[in-house]
Amino acid sequence: MKVLVVGGGGREHALAWKLAQSPRVDTVFVAPGNGGTALTGRIQNLDIVDQTQLGAWAVQEKIGLVVVGPEGPLAAGIVDEFRALGLRIFGPTRAAAQLESSKAFSKAFMQRHGIPTAAHETFSDAVAAHAYVTEKGVPIVIKADGLAAGKGVVVAMTLDEAHAAIDLMLPPKAESNRRAQDGARVVIEEYLEGEEASFMVVCNGQDALPLATSQDHKRLLDGDLGPNTGGMGAYSPAPVVKPAVHARAMREVILPTLRGMEKEGVVYTGFLYAGLMIGSKGQVKTLEFNCRLGDPETQPILMRLKTDLVDILWAATEPSASSRLDQIDMQWDRRTALGVVLAAHGYPQQPRTGDLISGLPPEALDAMVFHAATKRSGEVLATSGGRVLCVTALADNVRKAQQRAYDIIKAIRFDGAQCRSDIGHRAIGK
């Protein structure tokens, strides 16, 4: 069959790469793709970004399966639109995607259905938000309501940081009606102690099939310092997600979310990502929901997946009465996969584009360089955004996977390249 992957980042490169390995697939189209997605024989870039045009093209080409990578098209209702065209598409509807597209909706939903999360308040008035932070003190977490590509969160350790974050996300307006018209809101929540992990599942509305666990590194600099980013690296599995924690996450977070959405008249299909904070005694709280796979967690997770991804997503898109998602036994490589993000000069504030890239290695059985913000012109490859590449390696343990990835990075060149040197540090020695 022909498969279409919507998106153009590192997550989409990894999805296309894994889907193209299926014997059921003839061609994987990636719209719009990037400088690396068209290098494999069965993967082709498609220069269509308009959702309506893309749907018409998919019907004309008789696309057998559509997989949506990023959050933007999901929030814009691509699943609703493509289903109306008779296309088989994997992802949540616009209504279901509110779990990510509105943090205020997500927090209120968790409260309604007893899903453990941090105490919080939502504000559309900057003066009230500032007063709340002053009253509560720090550390405290400020989140922009809406899609922010993984960067709309500030963990403020000082009051100055907290107030600056509010001013950035909720600028004071002269007129209150203008503020309401803009619809800007912030969610301010308590700071949680513990260790973060990414917990992702495949959903068909009724059942949830958990993927391998992972942990990403949000901060720009070594030692988890510096500003939050979209993610500077990740590894799988995550030792912090012990079997008891895994069972608790399914029981207290994932399944109540599916049941809660169903009670509210929304069937949740697609990937569901719960960002978890795991306490010292194994207690679990939900930091956020994403309605798609995480990036860069996808890259190491799919490096470890041995089961045919098409089989998994096909089962998940069957009508609920005939779906056999709950009968799939996903097989995983026992080794650790670790991915290190190479970011552009100036990332995350003002990433520079147009820097020429060289030194990329050939694909290997134990290593893969997934492209994200790259653009190809003939034989020339250049940076086109913030997180440029994710160098991902498989090895017997975290330390060896880390060493393999960083050995590959030594040969890759582009001006201003930056990366952390400690991806996986939390898992070493565990």
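Which residues line the largest cavity? Keep that in mind while you set up the view.

This is a predicted model, in which local features need pLDDT of at least 70 and side-chain atom pairs count only at pLDDT 80 or more, while totals for chains, interfaces and linings use all residues. Residues are numbered from 1 along each chain as its sequence is written, and side-chain values use heavy atoms, with hydrogens and water left out.

**Stop 1: the cavity**

Select Asp-295, Gln-299, Val-341, Ala-372, Arg-387, Leu-389 and Cys-390: these line the largest cavity. A cavity here is a set of points, on a 1 Å grid over the protein atoms alone, where a 1.4 Å probe fits but cannot get out, and lining residues have an atom within 4 Å of a point. Its volume is about 40 Å³, taken as the space filled by probe spheres set on the points, with grid points joined across faces, edges and corners. The search of the whole structure turns up three cavities of 30 Å³ or more.

Colour the lining by class and you get four nonpolar, one polar and two charged residues. The classes are Ala, Val, Leu, Ile, Met, Phe, Trp, Tyr, Cys and Pro as nonpolar, Asp, Glu, Lys and Arg as charged, and the others, Gly among them, as polar. Strand β22 (residues 387-395) gives the largest share of that lining, three residues. Strands (E, at least two residues) and helices (H or I, at least four) are DSSP runs, numbered from the N terminus.

**Stop 2: the sheet around β22**

Now show the open sheet of five strands in the order β12-β15-β18-β22-β19, with antiparallel pairing. The edges are β12 (215-216) and β19, each with a single partner strand, so one side of each has no neighbour in the sheet. Strands pair if DSSP finds at least two bridges between them; β18 and β22 have eight, in the antiparallel sense. To see one, pick Leu-338, whose bridge partner in β22 is Ala-393. Contact means heavy atoms within 4.5 Å, and angles run from 0 to 180 degrees between N-to-C directions, using axes fitted to C-alpha atoms, for helices over the stretch in contact.

**Stop 3: the parallel sheet**

Jump to the other open sheet listed here: five strands in the order β3-β2-β1-β4-β5, with parallel pairing. β3 (43-45) and β5 (89-90) are the edge strands, each with a single partner, so one side of each is left without a neighbour in the sheet. β4 and β5 run parallel and are joined by two bridges; select Val-67 and its partner in β5, Phe-90. Helix α1 (residues 10-19) lies across β1 (2-7), β2 (27-32), β3 and β4, at about 170 degrees to β1.

**Stop 4: β10 and its partners**

Select strand β10 (residues 195-204), where nine of the 10 residues are buried. Buried means under 20% relative accessible area, exposed over 50%, and partly exposed in between (1.4 Å probe, protein chains only). β10 pairs with strand β16 (residues 269-278) in the antiparallel sense over 10 bridges, with Met-200 opposite Tyr-273. Three bridges also join β10 to strand β11 (residues 208-210), again antiparallel, and Val-201 has Pro-210 as its partner there. β10 and β11 form a hairpin with three residues between them, and Gly-205 in the turn has a positive phi of about 100 degrees.

**Stop 5: helix α6**

How many residues of helix α6 are buried? Seven of its 10 (residues 103-112), so the helix is largely enclosed by the rest of the structure. Highlight Lys-103, Ala-104, Phe-105, Ser-106, Lys-107, Phe-109 and Met-110 to see the buried ones. Gly-114 follows α6, with a positive phi near 65 degrees.

**Stop 6**

Check the omegas first. Ser-236 and Pro-237 are joined by a cis peptide bond with omega about 0 degrees, and Pro-237 is in the loop between β15 (233-236) and α10 (243-263). Another cis bond joins Tyr-347 and Pro-348, with omega about 5 degrees; Pro-348 lies in the loop between β18 (336-343) and β19 (367-371).

Then the positive phi values outside glycine. Lys-62 has phi near 55 degrees, sits in the loop between α2 (51-60) and β4 (65-68), and counts as exposed at 69% relative accessibility. Asp-224 has a positive phi of about 55 degrees; find Asp-224 in the loop between β13 (219-221) and β14 (225-228), partly exposed at 22%.

Key
On a 1 Å grid over the protein atoms alone, a cavity is a set of points where a 1.4 Å probe fits but cannot get out, and a pocket is an open set with protein on both sides within 12 Å along at least five of seven lines; lining residues have an atom within 4 Å of a point.
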